[in-house]
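Welcome, and please take a moment to look over the model below.

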Amino acid sequence: MRNEWADLNRRWWDERAPVHVASDFYDVAGFLADPDASTLRPFEIDEVGDVAGRSLVHPQCHFGLDTLSWARRGARAVGLDFSAPAVEAARGLARRAALDAEFVAGDVYDAVDLVGGRTFDVVYTGLGAITWLPDIARWARVMAELTAPGGFLYLAEFHPVHMILGDDDLTVRRPYFHDPDDPLEFDEPGTYADLAAATEHNRTVEWTHGLGAVVTAVIDAGLTVELLREHDHTLFPRWPFLVERDGAYRMPDGMPSLPLMYSMRARKGG
């Protein structure tokens with residue numbers, strides 16, 4: 001069944017990769033035109049620190065803009081994604097941007113073999129990644145295997161409240177805790193980068209991974225958590241009442257704050 005879930009989600013991402021590359025949402029033309037352009041969030045740059053000359057792997061990299069942004073900051077970057085069209089797009093963008101970054105196609109759970117057993121100073125996984133994975137403990141073990149002694153895993157993710165609350169209000173609509181064998185199922189045309197895009201493969205399955213489950217999985221994998229931070233903003237209008245300020249979406253004045261993203265850094269002993 002889990003292979004069927006992976007195939008279902010892969011078809012969704014394969015179809016949307018070219019849509020995303022062409023979308024205003026990602027603004028590939030702007031990224032290529034400006035050698036200083038970056039898709040990284042300021043808090044990620046601050047929390048990861050200087051990557052110049054350091055090895056960095058980005059599992060679940062989609063078509064590679066974040067990976068290439070780290071390469072622009074001097075990292076020796078490798079991106080990995082299960083969508084072959086996304087990986088081909090990433091390779092093309094690396095050539096067009098004249099950036100030395102490697103991209104590999106394959107399942108994140110097979111990442112250690114896919115990169116030839118290499119380990120990295122920084123294992124970076126970006127927003128909107130782990131919701132596509134059924135087994136967070138297995139994911140954490142793979143991330144730990146990819147991490148070089150003295151290096152660290154850095155995770156930036158949407159907070160689980162994104163998944164459990166309704167699409168139009170803050171009513172709890174979906175479970176925070178659920179059986180990995182009973183994922184959330186969606187059947188929605190279009191894509192977050194182009195809501196009007198004509199699409200055929202519209203079914204996906206996703207999993208909510210609570211903050212405690214993620215942190216515990218990382219600790220159990222042998223990493224030491226040295227930073228865990230919740231953020232009061234997100235990257236898109238998750239609810240219609242969010243207010244955009246400085247490129248981020250926040251709760252409006254007069255409404256209670258919510259954690260909308262979180263970030264974690266976990267180090268491997270030297």
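## Starting from one bridge

In β4, Val-122 is the bridge partner of Leu-56. Please keep in mind that this is a predicted model.

Leu-56 itself belongs to strand β1, which spans residues 55-59. Is Leu-56 buried or exposed? Its relative accessibility is 0%, so Leu-56 counts as buried. Beyond its neighbours within four places in sequence, Leu-56 is in contact with Val-51, Trp-70, Ala-75, Arg-76, Ala-77, Val-78, Phe-120, Val-122 and Tyr-124. For a sense of distance, the C-alpha atoms of Leu-56 and Arg-91 are separated by 16 Å, and the two residues are 35 apart along the chain.

## The strand and its sheet

Because 5 of the 5 residues of β1 are buried, the strand is largely enclosed by the rest of the structure. Ser-55, Val-57 and Pro-59 point one way from β1, while Leu-56 and His-58 point the other way, and all are buried.

Which strands pair with β1? With β4, β1 pairs in the parallel sense over 2 bridges. With strand β2 (residues 76-81), β1 also pairs in the parallel sense, over 5 bridges. There, the bridge partner of His-58 is Gly-79 in β2.

These strands are part of an open sheet of 7 strands, in the order β3-β2-β1-β4-β5-β12-β8, with mixed pairing. At the edges are β3 and β8 (224-231), each of which pairs on one side only. On average, neighbouring strands of this sheet are turned by 15° against each other, direction ignored.

In soluble globular proteins, nonpolar side chains tend to be buried together. Here the largest nonpolar core has 36 residues, and the ones that touch the most other members are Leu-56, Leu-68, Trp-70 and Phe-103. Two or more residues come from each of α2 (28-33), α3 (42-48), α4 (65-72), α5 (84-97), β3 (101-105), β4 (120-125) and β5 (147-158). The element that gives the most to this core is α5, with 6 residues.

Leaving aside its neighbours within four places in sequence, Phe-103 is in contact with Cys-61, Gly-64, Thr-67, Leu-68, Gly-79, Val-87, Ala-90, Arg-91 and Ala-94. Another core, of 31 residues, lies apart from this one, and includes Leu-80, Ala-144, Val-214 and Ala-266.

## Rings

How many aromatic pairs are there? The count comes to 14 aromatic pairs. Two of them are set out here.

| Pair | Arrangement | Centre to centre | Between the planes |
|---|---|---|---|
| Tyr-176 and Phe-177 | edge-to-face | 4.9 Å | 75° |
| Trp-239 and Phe-241 | stacked | 6.3 Å | 5° |

The partners in these pairs sit in contrasting surroundings. Tyr-176 has a relative accessibility of 27% and so counts as partly exposed, whereas Phe-177 is exposed, with a relative accessible area of 71%.

Elsewhere, one aromatic cluster is formed by Trp-12, Trp-13, Phe-25, Tyr-26, Phe-63, Trp-132 and Tyr-192. A charged residue also meets a ring: Arg-72 lies over the face of Phe-31, at 4.1 Å from the ring centre.

## Other strands

A further open sheet has 3 strands in the order β9-β11-β10, with antiparallel pairing. Its edge strands are β9 (233-234) and β10 (243-245), each pairing on one side only. β10 and strand β11 (residues 248-250) pair over 3 bridges in the antiparallel sense, and Tyr-249 in β11 is the bridge partner of Glu-244.

Strand β6 (residues 184-187) has two contrasting faces: Leu-184 and Phe-186 form the covered face, and Glu-185 and Asp-187 the uncovered one. β6 pairs with strand β7 (residues 203-206) in the antiparallel sense over 4 bridges. Within that pairing, Leu-184 has Glu-206 in β7 as its bridge partner.

Note on methods: Residues are numbered from 1 along each chain as its sequence is written. This is a predicted model: local features need pLDDT of at least 70, side-chain atom pairs count only at pLDDT 80 or more; totals for chains, interfaces and linings use all residues. Side-chain values use heavy atoms; hydrogens and water are left out. Buried means under 20% relative accessible area, exposed over 50%, partly exposed in between (1.4 Å probe, protein chains only). Contact means heavy atoms within 4.5 Å. A nonpolar core is a set of buried Ala, Val, Leu, Ile, Met, Phe, Trp, Tyr and Cys residues joined through side-chain atoms within 4.5 Å. Rings of Phe, Tyr and Trp (its six-membered ring) pair if their centres lie within 6.5 Å; planes under 30 degrees apart count as stacked, over 60 as edge-to-face and the rest as tilted. A charge sits over a ring if NZ of Lys or CZ of Arg is within 6 Å of the ring centre and within 35 degrees of the ring normal. Two strands pair if DSSP finds at least two bridges between them. Axes are lines fitted to C-alpha atoms, for helices over the stretch in contact, and angles run from 0 to 180 degrees between N-to-C directions.
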